[in-house]
Amino acid sequence: MPHSQSSAPRGSVRLARGASPWLLPTVATAAVSLARSRRSGRWAAVAVPTTALAAGMLWFFRDPEREIAQGRVISPADGVVQSIMPWKDGRTRVAIFMSPLNVHVNRAPLVGTVTSVEHIPGGFVPAFNKESENNERVVWHFDTELGDIEMVQIAGAVARRIVPYVPQGTKVEQGERIGLIRFGSRVDVYLPEGVEAAVEVGQATTAGVTRLDRD
């Protein structure tokens with residue numbers, strides 16, 4: 001049976017951890033401009049875009065509860081499968097592109113222990129671009145029943161900050177929230193040798209729900 005990763009009501013939505021530096025100033029500005037717009041036409045003109053921006057931020061930083069699916073490897077990200085590429089060491093890389101409209105909280109693809117969380121500086125070209133291989137990134141390794149599993153959070157043209165939620169040494173459950181990438185970006189999962197991808201290029205994925213491997 002599918003298992004729930006949280007005791008919160010199914011279908012409920014909260015705000016992502018790590019949203020405050022972006023969200024609070026935007027919402028505060030919108031609130032002030034709305035309050036002052038009642039007495040000033042100039043403030044009314046300001047209130048429209050600031051309120052729209054605040055609403056957009058609230059939408060972007062949403063973090064819905066999920067009913068976690070079963071499977072050996074599940075998607076860590078909402079998005080679209082950008083590529084499925086055999087690797088020289090026998091693994092298969094599944095790259096998932098996340099647009100600014102997707103939920104940007106990432107989840108653990110398997111049960112395991114986080115053995116490393118490494119931040120690698122780099123550029124900020126669009127995540128769908130081939131040159132994004134050299135973008136800012138956080139490389140995760142998990143010790144799991146399938147062995148070492150690598151996952152990479154890659155910043156995009158707008159995403160300038162990746163926020164890990166859990167440190168090295170943490171035991172995580174499958175589907176547990178482990179980090180946030182602010183704005184458009186990409187997440188790669190490396191399936192171990194002998195594990196076949198169950199998804200196809202162009203397929204939509206849901207973090208914690210879409211199974212990436214085939215029996």
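# Notebook: strands, core and contacts

I take strands (E, at least two residues) and helices (H or I, at least four residues) as DSSP runs numbered from the N terminus, and I count two strands as paired if DSSP finds at least two bridges between them.

I noted that this is a predicted model, in which local features need pLDDT of at least 70 and side-chain atom pairs count only at pLDDT 80 or more, while totals for chains, interfaces and linings use all residues. Residues are numbered from 1 along each chain as its sequence is written, and side-chain values use heavy atoms, with hydrogens and water left out.

**Entry 1: whole protein.** I looked up the secondary structure and found two helices and 17 strands. Of the 215 residues, 47% are buried, where buried means under 20% relative accessible area, exposed means over 50%, and partly exposed lies in between (1.4 Å probe, protein chains only). The accessible surface comes to about 10,600 Å², and 57% of this belongs to carbon and sulfur atoms; the areas come from the Shrake-Rupley method with a 1.4 Å probe, and for residues only the protein chains shown count as cover. I then turned to contacts (heavy atoms within 4.5 Å), and among those with a separation of 6 or more, residues 24 or more positions apart account for 70%.

**Entry 2: the eight-stranded sheet.** I traced an open sheet of eight strands in the order β12-β8-β9-β10-β14-β6-β5-β16, with antiparallel pairing. Its edge strands are β12 (171-172) and β16 (204-205), each of which pairs on one side only. As background I wrote down that strands of a sheet pair through backbone hydrogen bonds, either parallel or antiparallel. At the β12 end, two bridges join β8 to β12 in antiparallel fashion, and G112 has V172 of β12 as its bridge partner.

**Entry 3: strand β10.** How many of the nine residues of β10 are buried? I found that seven of the nine residues in β10 (residues 147-155) are buried, so this strand is largely enclosed by the rest of the structure. On one pairing, eight bridges join β9 (residues 137-144) to β10, and the two strands run antiparallel; they form a hairpin with two residues between them. On another pairing, six bridges join β10 to β14 (residues 185-191), again antiparallel.

Entry 4: Apart from its neighbours within four places in sequence, H141 is in contact with T113, V114, T115, S116, D148, I149 and E150.

From that list I moved on to V114, which lies in β8 (residues 112-120) and counts as buried because its relative accessibility is 1%. V114 touches residues that include W140, F142, V166 and V172, not counting residues up to four places away in sequence. P167 is also touched by V114, and the two are 53 residues apart in sequence yet 7.3 Å apart in space, C-alpha to C-alpha.

**Entry 5: the three-stranded sheet.** I found an open sheet in the order β7-β13-β11, with antiparallel pairing. The edge strands are β7 and β11 (162-164), each pairing on one side only, and neighbouring strands are turned by 25° against each other on average, direction ignored. Three bridges join β7 to β13 (residues 177-181), and N106 stands opposite G179 in β13.

**Entry 6: the core.** Which residues have the most contacts inside the largest nonpolar core? I listed W140, F142, I178 and L191, in a core of 33 residues; such a core is a set of buried Ala, Val, Leu, Ile, Met, Phe, Trp, Tyr and Cys residues joined through side-chain atoms within 4.5 Å. The elements giving two or more residues to this core are β6, β9, β10, β11, β13 and β14. Leaving aside neighbours within four places in sequence, L191 is in contact with V73, R91, T92, V94, E196, A197 and L212.

**Entry 7: L101.** Is L101 buried or exposed? I found L101 exposed, with a relative accessible area of 62%, in the loop between β6 (92-98) and β7 (105-107). L101 and G79 are 22 residues apart in sequence and 9.0 Å apart in space, C-alpha to C-alpha.

Definitions and conventions:
Axes are lines fitted to C-alpha atoms, for helices over the stretch in contact, and angles run from 0 to 180 degrees between N-to-C directions.
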